[in-house]
Amino acid sequence: MRTLAVVLVAFAALTACSSGDEPTKATSSSAAPKPAPSSNAAAASLDPCKLLPAAAVSKALFLDNLTAVPGPVQDNAANGGKARSCEYQLDGKAAGALAVTRYEGKQGKPAEMVASIKKAKAGAKDVAGFPDGAVYYVDEQKTATLATAELVAGTPVLVNYTGPAKMTAEQIAPLVKQAVDAS
């Protein structure tokens with residue numbers, strides 16, 4: 001699952017910001033930048049394991065004793081994406097992963113990032129309740145993903161949770177919302 005989650009994170013990051021179109025310079029009216037001493041410092045501080053603690057995932061999945069394990073760093077020089085992930089495990093087996101990819105030095109509209117993922121993923125469905133939109137899809141590897149984007153201190157950030165295909169958008173949405181609200 002860890003390798004799969006990392007691959008999905010990398011693909012989502014590539015899809016969101018390297019489709020050949022540079023994100024346009026604009027800020028989203030519904031996701032105002034959060035005040036911070038430095039834009040890069042605020043975006044760099046996005047630690048997925050802190051944004052979504054293991055206890056929250058345990059509660060959502062009705063599993064006791066999940067642990068949060070930082071995933072590998074996945075930076076992509078081609079699109080400027082800097083991905084960090086957190087894998088949630090039960091007795092050493094993967095139960096899901098949260099990935100946060102920030103695009104330092106880029107300008108972009110979170111809604112456009114979400115739209116590009118929806119366009120790239122067959123069967124992706126809109127998920128209500130996110131200011132700039134969110135999409136849910138189950139891929140050919142039988143994993144379910146819910147992805148959204150936001151601006152953090154002016155930096156475009158993609159947030160997604162990937163878990164087993166049996167997880168519904170209704171199960172994943174509160175996890176992603178908690179991570180977004182904590183960022």
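A: We may begin with L146, which lies in strand β7. Please keep in mind that this is a predicted model.

Q: Is L146 buried or exposed?
A: L146 has a relative accessible area of 0%, so it counts as buried.

Q: What does L146 touch, leaving out residues up to four places away in sequence?
A: Its contacts include V127, F130, A134, V135 and Y136.

Q: How far is L146 from A134, C-alpha to C-alpha?
A: The two C-alpha atoms are separated by 6.8 Å. Along the chain, L146 and A134 are 12 residues apart.

Q: You mentioned V176. Where is that one?
A: V176 is placed in helix α6. V176 counts as buried because its relative accessibility is 0%.

Q: And which residues is V176 in contact with, beyond its neighbours within four places in sequence?
A: V176 is in contact with F130, L146, T148, V159 and Y161. As for distances, the C-alpha atoms of V176 and A99 are 9.8 Å apart in space, although the residues are 77 apart in sequence.

Q: Okay, stepping back to the core. Which residues touch the most other members of the largest nonpolar core?
A: They are L52, L146 and Y161, in a core of 32 residues. At least two residues of this core come from each of the helices α3, α4 and α6 and from each of the strands β3, β4, β6, β7 and β8.

Q: Which element gives the most to this core?
A: Helix α6 does, with seven residues.

Q: Why would nonpolar side chains gather like that?
A: In soluble globular proteins, nonpolar side chains tend to be buried together.

Q: What about another core, apart from the largest one?
A: Another core of 10 residues lies apart from the largest one, and among its members are Y103, I117, A149 and L158.

Q: Let us look at α6 itself. How many residues does it have, and what does it span?
A: Helix α6 has 14 residues and reaches 20 Å from its first C-alpha to its last. That is close to the 20 Å expected at 1.5 Å a residue.

Q: Which residues of α6 are buried?
A: The buried residues of α6 are A169, I172, A173, L175, V176, A179 and V180. They pack against α3, α4, β4, β6, β7 and β8.

Q: So what is buried in α4?
A: In α4, A54, A56, V57, S58 and L61 are buried. The buried residues of α4 pack against β1, β3, β4, β8 and α6.

Q: What follows α4?
A: F62 follows α4, in the loop between α4 and β1. F62 has a positive phi of about 55° although it is not a glycine. F62 counts as exposed because its relative accessibility is 73%.

Q: Are Y88 and Y161 buried or exposed?
A: Y88 counts as buried, at 0% relative accessibility. Y161 is buried too, with a relative accessible area of 0%.

Q: Which ring does the charged end of K177 sit over?
A: The charged end of K177 sits over the ring of F130, 5.4 Å from its centre.

Q: Last topic, the whole chain. How many helices and strands are in it?
A: The chain has six helices and eight strands. From the N terminus on, the elements run α-α-α-α-β-β-β-β-α-β-β-β-β-α.

Q: What share of the chain counts as buried?
A: Of its 183 residues, 49% count as buried. The accessible surface of the chain comes to about 8,600 Å², and 55% of that belongs to carbon and sulfur atoms.

Terms used: Residues numbered from 1 in each chain as written. Predicted model: local features only at pLDDT ≥ 70, side-chain atom pairs only at ≥ 80, totals over all residues. Heavy atoms only, no water. Core = buried A, V, L, I, M, F, W, Y, C linked by side-chain atoms within 4.5 Å. Buried < 20%, exposed > 50% of the residue type's maximum accessible area, 1.4 Å probe, protein only. Helix = DSSP H or I, 4+ residues; strand = E, 2+ residues; numbered from the N terminus. Contact = heavy atoms within 4.5 Å. Expected span 1.5 Å × (residues − 1). Areas by Shrake-Rupley, 256 points an atom, 1.4 Å probe, with all protein chains shown as cover. Lys NZ or Arg CZ within 6 Å of the ring centre and 35° of its normal.
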